[in-house]
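Please read it with the structure open.

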Amino acid sequence: MKRRIWSCKARFCYAQNSAIQKPTLSAPFTSTAATASLTKSDGWDSTWLDASCILQDKDLLKKGGPDSKTGIYVLDLIESCALEPDRALFTNLIKKCTNLKRLKEGRLVHAHLMSCFREDLVMNNNILNMYAKCGSMEEAQKVFEEMPVTDTVSWTALITGYTQSGLLEDAVVLFPEMLRADVKPNEFTLSSLLKASGTRHNNGFGRQLHGYCLKHGYILNVYVGSALVDMYARWENIKDAESIFNGLVSKNEVSWNALIAGHARKGEGELALSLFSRMLRKDFKPTPFTYSSIFGSLSSTGFLEQGKWVHAHMIKSGSQLVGFVGNTLLDMYAKSGSIEDAEKVFSRMLKLDLVSWNSLLKGYAQHGRGSDTLELFKRMLSIGVNPSDVTFLAILTACSHVGCVQEGEYYFQLMKTYAVEPQVSHYVTMVDLFGRAGLLDQAERFIQNMPIEPNMAVWGALLGACRMHKNLELGAYAAQRIFELDSNDSGPHMLLSNIYASAGRWDDVANVRSMMRVNQVKKEPAISWVEIKNCVHSFVANDDIHPQREEIQKMWEKVSTKIKEVGYVPDSSQVLFYSNQQEKEERLQVHSEKIAFAFALLNTPPGSTIRIKKNIRICPDCHSAFKFASKIMGRDIILRDTNRFHHFQDGSCSCGDYW
């Protein structure tokens with residue numbers, strides 16, 4: 001809407017022609033139709049008419065001309081007395097500065113406003129809010145301290161500003177001061193304080209604030225209730241979060257998002273997805289934050305069909321592929337085994353940031369596409385995107401997974417060029433790089449020369465390499481270092497036991513198992529999952545409780561017979577206890593991933609891709625069997641274990657057997 005402001009030069013024309021009445025400028029955004037009939041014959045100078053102006057909302061912060069004293073056209077008009085300082089005008093100027101985060105212009109408006117509205121509470125609150133929203137908390141605090149009187153709005157603006165700026169302690173300490181000043185908080189004050197409490201560790205203040213909300217009747221308020229749900233969800237206290245959520249008479253997108261995000265952070269993808277479905281049935285519209293949380297939770301589960309369903313819903317709802325949603329979607333596809341879909345998302349994103357590049361780099365690395373990883377990294381550098389520690393971790397992981405030792409050493413040194421300080425994870429990956437390549441002595445020297453103290457992960461990488469290359473002495477040494485740091489982790493115990501078993505040292509195997517019993521260390525059971533028609537099925541080794549167990553057993557026996565005919569030989573060395581050859585071979589055939597594969601063959605269309613997820617590394621025997629099975633059964637098999645993805649296709653694996 002156009003708002004016309006007549007130059008105040010017109011007010012002085014009565015000195016030349018007293019018959020003409022001075023035009024009224026009671027509001028700066030008014031227009032006077034009568035002035036349209038004024039002509040030079042009526043005593044008006046045409047230069048004065050040229051000085052009149054028409055301001056639109058978008059022109060409020062228009063820059064002044066070459067001779068501008070203030071830098072803003074409207075303020076120049078005020079200083080030249082061509083425009084009266086008016087409450088409505090200043091209110092709109094402040095609002096514009098706040099919405100556009102124009103701090104420089106906001107300071108200029110503040111300086112002019114104080115000459116007329118220094119004692120005005122509403123105007124001071126507007127200025128305070130402007131500084132807070134623009135992130136200048138020092139200036140916001142100064143305005144607050146200089147205000148002759150404050151109210152709930154003043155305190156809330158300051159508290160909210162500190163919270164949004166990440167200065168959580170400063171926000172929290174204001175609350176008792178506010179109460180001592182006899183100023184009552186409102187729902188927005190409490191919501192901001194609860195948000196600040198949620199981002200801190202589980203603490204007494206947050207619970208006290210919850211008690212205050214109960215005592216003063218705010219617990220059913222949708223804003224306060226949503227903030228309470230978010231606070232408890234961030235503390236991973238999902239039971240309390242759900243209790244408050246279920247007690248809310250009125251819910252909004254924020255309360256739904258808070259609980260969904262809480263489940264997602266805990267890795268409870270199924271519960272997050274179930275809550276998302278409930279949200280849709282209640283006719284609440286998901287926000288970008290909803291989709292981001294869901295995609296993030298599905299990244300941890302790795303179930304592709306569910307992720308595709310949510311993605312399809314997002315497309316149908318008309319939601320844009322904004323930055324953080326696109327990044328979580330890309331990550332979800334990569335971690336669910338569809339690197340091709342991840343590439344499509346990457347290519348279609350409107351704006352790429354460092355997280356986008358890192359997500360695809362990590363995806364390539366986990367899928368064993370080393371050359372693609374390095375090419376993408378070069379492309380990233382060529383357009384001026386500076387790498388981070390996450391970038392280099394992806395590069396080193398890719399080198400480790402394909403055995404590019406020299407390239408890995410080069411990129412590790414390149415970190416210095418970009419002033420990226422190596423973290424523990426980078427050292428772990430370098431040990432893994434040397435270890436996988438069989439350079440165990442070099443891996444040990446690298447650990448000895450590390451500028452930081454090696455932790456369990458570093459020694460664990462060396463122990464895993466010793467298991468791979470059957471180096472008993474160095475493996476025992478690495479295991480001992482781990483036990484000194486933590487004797488309750490089952491992984492190192494099992495690796496050491498396996499090393500001894502591979503060497504036929506059964507007494508040492510018995511000693512390790514005895515140590516596990518004494519320390520009450522329990523071995524993590526091997527579990528495999530397969531997703532069919534949006535339903536997830538899980539299997540353990542020698543699974544005999546599944547409703548289709550007989551059909552599954554017959555199917556795998558059929559597959560086993562066929563792959564043996566074309567060269568598959570069971571690797572009995574993977575059975576790490578003393579028994580005869582026949583018993584060892586029988587035990588190999590009931591591994592959880594083989595059962596999952598047989599089940600998928602029974603329940604999916606011929607020729608479709610089979611996707612399996614496993615909670616521990618795939619064993620060499622299953623790896624060999626799946627290579628043959630992919631060719632004989634005409635199926636692509638994508639298996640995700642704890643370290644990487646294996647794409648079995650037409651008798652070969654994407655890892656090139658380097659794992």
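1. This is a predicted model. Start with Asp 120 and Arg 87. They form a salt bridge, and their closest N and O atoms are 2.1 Å apart. Asp 120 sits in the loop between α4 (103–117) and α5 (121–133), while Arg 87 belongs to helix α3 (residues 87–99), so the pair ties together parts that are 33 residues apart in sequence.

2. Arg 87 is partly exposed, at 39%.

3. Next, look at Arg 369 and Asp 372. This pair also forms a salt bridge, with 2.7 Å between the closest N and O atoms. Arg 369 is partly exposed, with a relative accessible area of 23%. Asp 372 is partly exposed too, at 28%. Glu 343 joins Arg 369 and Asp 372 in one network, through salt bridges that share partners.

4. Asp 508 pairs with Arg 505 in another salt bridge, where the closest N and O atoms are 2.6 Å apart. Arg 505 counts as partly exposed, at 38% relative accessibility. Across the whole structure, the search finds 15 salt bridges.

5. In the model, residues 120–150 are 74% helix and 0% strand, and the end C-alpha atoms are 10 Å apart. Residues 252–286 are 74% helix and 0% strand, with their end C-alpha atoms 10 Å apart.

Notes. Residues numbered from 1 in each chain as written. Predicted model: local features only at pLDDT ≥ 70, side-chain atom pairs only at ≥ 80, totals over all residues. Heavy atoms only, no water. Helix = DSSP H or I, 4+ residues; strand = E, 2+ residues; numbered from the N terminus. Salt bridge = Lys/Arg side-chain N within 4 Å of Asp/Glu carboxyl O. Buried < 20%, exposed > 50% of the residue type's maximum accessible area, 1.4 Å probe, protein only.
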